[in-house]
Amino acid sequence: HVQLQTDVFGVSSNPGSVNLGEEGWLFYTPSTYIKQTSKVLTDEELDIIVSNILLKKKFLNDQGIKFYLTIPPIKGQFYKEHLPHRFTKLLEHSILNQLVEYLKKYPEIVFIDLRGVLKKHKHETKLYYETDTHWNRLAAFYAYQEIMKRIQVDFPELDYLEKEEMLIEKYTAKGGDLNSFLGDMNLFPRTIYDMNP
């Protein structure tokens, strides 16, 4: 049934959860998820989020622990060009963009914005799995470097690995949570990056 839907009819076998994007990309697209990640937050909702962040920061500061905040962009926002066309309009707004803008009022919250470093490397390679909701190890590595660069401002004695110090193996394999939502782990391939020092 799954193969008939995807291979013959070119549609998702589970359209309530997963939709087929361009060039073999799959996207998690339940309507509740789309609404939650693309709605416009009110100032009251933003204040609640910031209040919670400040409470966490205070709790850690009281114990002598430095607090840094970072939020990775969701795959649908980051790879809009691969989204099914009907979702591009729905994901025009981003809660992350709105929150980042709002956090500028709170310089005491050290926010490490990963969007720039990911965009910088986006056209060199794939940064999210085609058949999964998650970013891959290469994207996580670039994020790690960006986080460490900021932490180094406060702790200059800390060091971090450079890409040249990593053994990177690229290969194609089956799997991914979105394949499993469609009912067949072997349905579409995904690009894997194994990285080791």
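Author: A salt bridge is a side-chain nitrogen of Lys or Arg within 4 Å of a carboxyl oxygen of Asp or Glu. Here Lys39 pairs that way with Glu45, with 3.4 Å between the closest N and O atoms. This is a predicted model, where local features need pLDDT of at least 70, side-chain atom pairs count only at pLDDT 80 or more, and totals for chains, interfaces and linings use all residues. Residues are numbered from 1 along each chain as its sequence is written, and side-chain values use heavy atoms, with hydrogens and water left out.

Reader: Are Lys39 and Glu45 buried, exposed or partly exposed?

Author: Buried means under 20% relative accessible area, exposed over 50%, partly exposed in between (1.4 Å probe, protein chains only). Lys39 is partly exposed because its relative accessibility is 37%, and Glu45 is partly exposed at 29%.

Reader: How many salt bridges are found in the whole structure?

Author: The search finds nine. One of them joins Asp132 and Arg190, 3.2 Å from N to O. That pair links distant parts of the chain, 58 residues apart: Asp132 is in the loop between H7 and H8, and Arg190 in strand E4. (Helices, H or I with at least four residues, and strands, E with at least two, are DSSP runs numbered from the N terminus.) Asp132 counts as buried because its relative accessible area is 7%; Arg190 is buried too, at 16%.

Reader: What about Asp184, buried or exposed?

Author: Asp184 is buried, yet has no salt bridge. Lys174, the nearest side chain of opposite charge, is 7.7 Å away (Lys and Arg count as positive, Asp and Glu as negative; His and the chain ends are not counted).
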